[in-house]
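Hi,

Here is the structure I promised to pass on.

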Amino acid sequence: MGSEKKPLNPVLGELFYGYWPESAERGGKTTLVVEQVSHHPPITAYRIANEAKGIILTGHNAQKTSFSSGSIIVKQVGHAILTVKLPTGDTEEYLITLPRLRIDGLWYGSPYIELTETNHIQSSTGWLSQIEYKGKGYFSGKSHSFKATVSPPPRVRQNPHVIEGTWHTTSHDSRRGVTFHDVTTPKEEVTVASVEEQDEWESRRLWSVVAKGIREGDFETAAKDKSRIENEQRKRRRDEAAAGTKWELKHFKYIDNCPTYERLGKLFAINPPTEDGYVYLNNGPHN
């Protein structure tokens, strides 16, 4: 029996660059830098920034997968840090932890993703959002549902806000009865350079032959080029091991303890109390 394999398997050093152009609604240009910073285990680091608005999101993400009762459970490893520069000149930081994923519907041949359990958004101002995700059960519930409880710091005498809805459509503030978020509007795709203009390590150029083969049903060509890419990666790792060197990341630097994670995590007794991270080097194509 053959085994199913990922047709596009990110390689160490793979890059993805993109942007959303300046607009009246968004303000300045929003840029995206993504780098595959590890292959075993697979870890992706990213940075999304709108310098004109003073908003920067930096993080990393990995997955650990298991099976349970006909579903695939994905534990997301990593976190994100959102930094916001205010008009006053002050800066706020937000630690965003990651929920688990559950892939259901496998038995019916119609798999879909549910977010599960909880995640947190902790602000440097002391405000904390705890988000609970609830999917559709056998007899009740609604797919993609969540409930977020936004609690003030102890010094603020105010009742928590409760936000409820579905994360893929809309939600509302239960106290005020107003819409909190709405993602049903048309989406704007990220702008990416043409394949011909891309570096050899950029995703769409690196996997162009494989992707073309899949789209056209030429699976022999797709498999052959996928093997070529993976064999080249294995040779690089062997050469590095023989030379006693390691692959150098291009846009991120690994740190074994993220100080922002530890500092903000203490505000709500995060577990684990420390976590590694990746620092952006401010050397992307948009800098």
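Below is what turned up, going from the whole chain down to single residues.

A word on the ground rules: this is a predicted model, so local features need pLDDT of at least 70 and side-chain atom pairs count only at pLDDT 80 or more, while totals for chains, interfaces and linings use all residues. Residues are numbered from 1 along each chain as its sequence is written, and side-chain values use heavy atoms, with hydrogens and water left out.

Overall picture

The protein has 4 helices and 15 strands; these are DSSP runs numbered from the N terminus, with helices being H or I of at least four residues and strands being E of at least two. Its C-alpha trace spans about 60 × 50 × 40 Å along the principal axes. Of the 287 residues, 38% are buried (buried is under 20% relative accessible area, exposed is over 50%, and partly exposed is in between, using a 1.4 Å probe and protein chains only). Among contacts with a separation of 6 or more, 41% are between residues 24 or more positions apart, where a contact means heavy atoms within 4.5 Å.

The largest pocket holds about 460 Å³ of space. It has 20 lining residues, and the closest to its centre are Q76, T97, L98, N271 and P272. Strand 5 (71-85) and strand 8 (112-123) each supply at least two residues of that lining. For the method: on a 1 Å grid over the protein atoms alone, a pocket is an open set of points where a 1.4 Å probe fits, with protein on both sides within 12 Å along at least five of seven lines, and lining residues have an atom within 4 Å of a point. Grid points are joined across faces, edges and corners, and the volume is the space filled by probe spheres set on the points.

Cis prolines

P272 is in the loop between helix 4 (259-265) and strand 15 (277-280). A cis peptide bond also joins H40 and P41, with omega about 0 degrees; P41 is in the loop between strand 2 (30-38) and strand 3 (43-50). S38 lies in strand 2 and counts as buried at 12% relative accessibility. Leaving aside residues up to four places away in sequence, S38 touches L12 and I43.

Positive phi

Which residues other than glycine have a positive phi? One of them is A269, with phi near 55 degrees. A269 sits in the loop between helix 4 and strand 15 and is exposed, at 64% relative accessibility. E117 is not a glycine either, and its phi is positive at about 60 degrees. E117 lies in strand 8 and is partly exposed, with a relative accessible area of 47%.

Around I131

E117 turns up again among the residues that I131 touches: E117, T118, N119, I121, F146, K147 and A148, not counting residues up to four places away in sequence. I131 is in strand 9 (residues 128-134). Is I131 buried or exposed? With a relative accessible area of 10%, I131 is buried.

Best wishes
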